[in-house]
Amino acid sequence: GTQARKGRPAENMWTAARMLTTFSPRDLAAHSTTDDVLVSEDDARLFCAFLLRGSYVRVIRKAAPGKREARYKLVRNTGPRPPVERRLRAIWDENTGQYTHIPGVDA
């Protein structure tokens, strides 16, 4: 569809991951690249690692370096917009060795 044909690389890769449900980084790159958006296999590998850190995917086949790529299964499809990594400003107390404030976390 047209959704995967325009937008940024992360949006295209998220759309492809949602449509494919099981994929390798090569699959994501192939299904996410358009005339307007280039998605390299390295970009797709980084995106897969990002999704794995966020528990959106699980590994269904480990990579064998030089032989085959890892395969992933989407296990958390939260909607049409891709997850985004954000940096949060927190307050760290050097005296106690603890965070005294983390936005969005109740103490």
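## Aromatic rings

Phe47 and Phe50 both belong to helix α3 (residues 41–53), where three residues, about one turn of the helix, separate them; helices here are DSSP runs of H or I with at least four residues, numbered from the N terminus. Phe47 is buried at a relative accessible area of 7%, and Phe50, at 16%, also counts as buried, where buried means under 20%, exposed over 50% and partly exposed in between, using a 1.4 Å probe and protein chains only.

The rings of Trp92 and Tyr99 form an edge-to-face pair, because their centres are 4.8 Å apart and their planes stand at 70°; rings of Phe, Tyr and Trp (its six-membered ring) pair if their centres lie within 6.5 Å, with planes under 30 degrees apart counted as stacked, over 60 as edge-to-face and the rest as tilted. Trp92 is partly exposed, with a relative accessible area of 40%.

## Basis of the model

This is a predicted model, in which local features need pLDDT of at least 70 and side-chain atom pairs count only at pLDDT 80 or more, while totals for chains, interfaces and linings use all residues. Residues are numbered from 1 along each chain as its sequence is written, and side-chain values use heavy atoms, leaving out hydrogens and water.

## Two helices in contact

In α1, Asn12, Met13, Ala16, Ala17 and Leu20 meet Asp27, Leu28, His31 and Ser32 of α2, contact meaning heavy atoms within 4.5 Å.
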